[in-house]
Amino acid sequence: MDELVGSCVRCAHDVYCTAGFLNGILLDNKKILCFNCKDILYARIKEEILEEES
């Protein structure tokens, strides 16, 4: 069963809890980030780290 738990803080898409599992991540400030936006954010952070190392 899917239960709406909120909206992604970045893209505003609905985020659901499916069978007890959140389909996103909960940030420290208690806001939700969908998996797609999390992947984009992590990719940007990884790029920045690689740029700093070179």
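The largest nonpolar core of this predicted model is made up of seven residues, namely C8, V15, I25, I32, L33, C34 and C37, where a nonpolar core is a set of buried Ala, Val, Leu, Ile, Met, Phe, Trp, Tyr and Cys residues joined through side-chain atoms within 4.5 Å. Strand β5 (residues 32-34) gives the most to this core, with three residues; strands (E, at least two residues) and helices (H or I, at least four) are DSSP runs, numbered from the N terminus. In soluble globular proteins, nonpolar side chains tend to be buried together.

**Core cysteines**
- C34, a member of the core, is in contact (heavy atoms within 4.5 Å) with C8, C11, V15, N23 and G24, once neighbours within four places in sequence are left aside.
- C37, found in helix α1, counts as buried because its relative accessible area is 1%, the cut-off for buried being under 20% with a 1.4 Å probe and protein chains only.
- Not counting residues up to four places away in sequence, C37 touches C8, R10 and C11, while its C-alpha atom is separated by 8.8 Å from that of G24, 13 residues apart along the chain.

**Lysine in helix α1**
- K38 lies in helix α1 (residues 35-53) and is buried, with a relative accessible area of 17%.
- Beyond residues up to four places away in sequence, K38 touches I25 and L33, both of which are listed in the core.

**Basis of the values**
- Residues are numbered from 1 along each chain as its sequence is written, and side-chain values use heavy atoms, with hydrogens and water left out.
- In this predicted model, local features need pLDDT of at least 70 and side-chain atom pairs count only at pLDDT 80 or more, whereas totals for chains, interfaces and linings use all residues.

Technical notes
Buried < 20%, exposed > 50% of the residue type's maximum accessible area, 1.4 Å probe, protein only.
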